[in-house]
Amino acid sequence: MPPDAAVIDLPPATLLAPLPHAYAERHLVLPLARTEAGVTVAVPPGVALAALDDLRFLYATPILPVIVAEAELRAAITRAYDATRSMADTMDAIEASDAADLHDALEEPPDLLETGEEAPVIRLVNALLFEAARLGASDIHVEPAERHLAVRFRIDGVLQAVLSPSRRFQAAIAARVKIMARLDIGERRLPQDGRFSVRIGTRTLDVRVSVVPTAFGERVVLRLLDRTTAQRDLAGLGFDDPLVVPLARLLAASHGLVLVTGPTGSGKTTTLYAALARLALDERNVMTIEDPIEYQLPGVSQMQVSPAIGLDFATGLRAILRQDPDVVLVGEIRDRETAEIALQAALTGHLVLATLHTNDAATAITRLLDMRLEPFLIASSLLGIVGQRLVRCRCGECAGAGCAGCRGSGLRGRTAIAELLTVDDAVRALVMERTDSATVRRHAIARGMRSLRDDGLAKAAHGVTTLGEVLRVTREDG
């Protein structure tokens, strides 16, 4: 019986050292152990004999192949090389490199692009990306100060210091990231934005890049977007039946507007993507206007906002409505013009999904009124509003006590807490009267809406999160 790669003991780093990660992935070979008889190597069915010959030459000993299923072998290779790559080890090696080598590599951009994987700056940036992905970080911050350079990861919504490289690496890191994102390496005075993709084992990450000049050099922020996240359903994001069932009814409507609200970083776009996954995409024309496009969605036509050429949300939304869409996703309603077009589209036979930056569901109505939209337009088109936050979960390994997996915090991963305000006739009457959000909120709760805080308290009671997390992200009145 072939061994199961999921339970294969990790090989020692000394055994992996001679074999480049890229070669192991390309040929699907993983050395497991060295004995007097030779080196035992996990290989897939139908392994190329040339690869075995290469390993025999590399290790100067007989090769003992063991057949492993391809998918399991890929996962084992990723785990094995993950374990040998720590940022601290990489930094120890890079710190010993010559600063002149680093400077010379940046003088001519083409040379840096063609440099092998052993170039110090490439090894450093790769190590940062690798470690961030391993820890489940959503962002990497590279922050220059007067005398030092700080690298912090945002893990489960909280920034954590992970590394303090030498100050001399600041320009090199910025230049390398610019090249990966195809930005102007010579421009250091203006902010620049870009993106690139990177594959780590079987995972593909889309990386959004922001570079801004500061008094002590360019500050770099990388947003890591895991494509698998966009494939999660509403239940997988933390929404339970008391919210999913009525929300599903709203999504089944032929027309109307559904809003998802919350602050930046509360998972609004991911929720909209999960909502789209509930729709019969093969039977509908689904189009989006986003800034930026965070994930590529199969079966959906996605448009990227580009203000530099005059393509803003309002302009793009008008163009989309000429494409005979059934469902339209608006990445964010930012102004009166976009809001008005979205509301009118919802009245004329389109299901419109959009996000809005407000603190809770009821406040979204006040925000639309503040945009000087006609109350009758809001009341006639709005179907429902989801308000949400993200809270950190109790660590599944240590049940909240703190372990290496959660870096001693007792918290690991995040889940959504949410409220759903369904727009019924009574709410429509309140909108027509321009009633304040507190009154709308009290009415919704009286009619059975479970508030953000109540949803969070229920999850805390079931051990999903902690009371402190719920209190951290919700208002006192719910």
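**Group meeting talk: a walk through one predicted model**

Let's start with helix 9. Its buried residues are Gln170, Ala172, Ile173, Ala174, Ala175, Arg176, Val177, Lys178, Ile179 and Met180. Keep in mind that we are looking at a predicted model.

Now step back to the whole chain. The protein chain has 478 residues, and 50% of them count as buried. It holds 20 helices and 16 strands. Take the contacts with a separation of 6 or more: 61% of them join residues 24 or more positions apart. The accessible surface is about 22300 Å², and carbon and sulfur atoms account for 52% of that.

Next, the inside. Which residues touch the most other members of the largest nonpolar core? They are Leu259, Val330, Ile333 and Leu421, in a core of 42 residues. Beyond its neighbours within four places in sequence, Leu259 contacts several residues, among them Ile333, Ala354, Leu356 and Val386.

Leu457, Leu467 and Leu471 make a nonpolar patch of about 250 Å². Leu467 sits in helix 20, residues 467-473. Its relative accessibility is 48%, so Leu467 counts as partly exposed.

Last topic: charges. Side chains of opposite charge can pair when their charged atoms come close. The count here is 21 salt bridges.

One joins Arg189 and Glu187, at 3.3 Å from N to O. Are these two partners buried or exposed? Arg189 is exposed, at 68% relative accessibility. Glu187 is buried, at 13%.

Another joins Arg334 and Asp291, at 3.2 Å. This pair links distant parts of the chain, 43 residues apart. Arg334 is in the loop between strand 13 and helix 14, while Asp291 is in the loop between strand 11 and strand 12. Arg334 is partly exposed at 40%, and Asp291 is partly exposed at 32%.

Then there is Asp425 with Arg428, at 2.9 Å. Both lie in helix 17, three residues apart, about one turn of the helix. Asp425 is exposed at 61%; Arg428 is partly exposed at 27%.

Finally, a network. Salt bridges with shared partners join Asp240, Arg450, Asp455 and Lys459.

Key:
Residues numbered from 1 in each chain as written. Predicted model: local features only at pLDDT ≥ 70, side-chain atom pairs only at ≥ 80, totals over all residues. Heavy atoms only, no water. Buried < 20%, exposed > 50% of the residue type's maximum accessible area, 1.4 Å probe, protein only. Helix = DSSP H or I, 4+ residues; strand = E, 2+ residues; numbered from the N terminus. Contact = heavy atoms within 4.5 Å. Areas by Shrake-Rupley, 256 points an atom, 1.4 Å probe, with all protein chains shown as cover. Core = buried A, V, L, I, M, F, W, Y, C linked by side-chain atoms within 4.5 Å. Patch = residues over 30% accessible without salt bridge, like charges linked within 9 Å, V, L, I, M, F, W, Y side chains within 5 Å. Salt bridge = Lys/Arg side-chain N within 4 Å of Asp/Glu carboxyl O.
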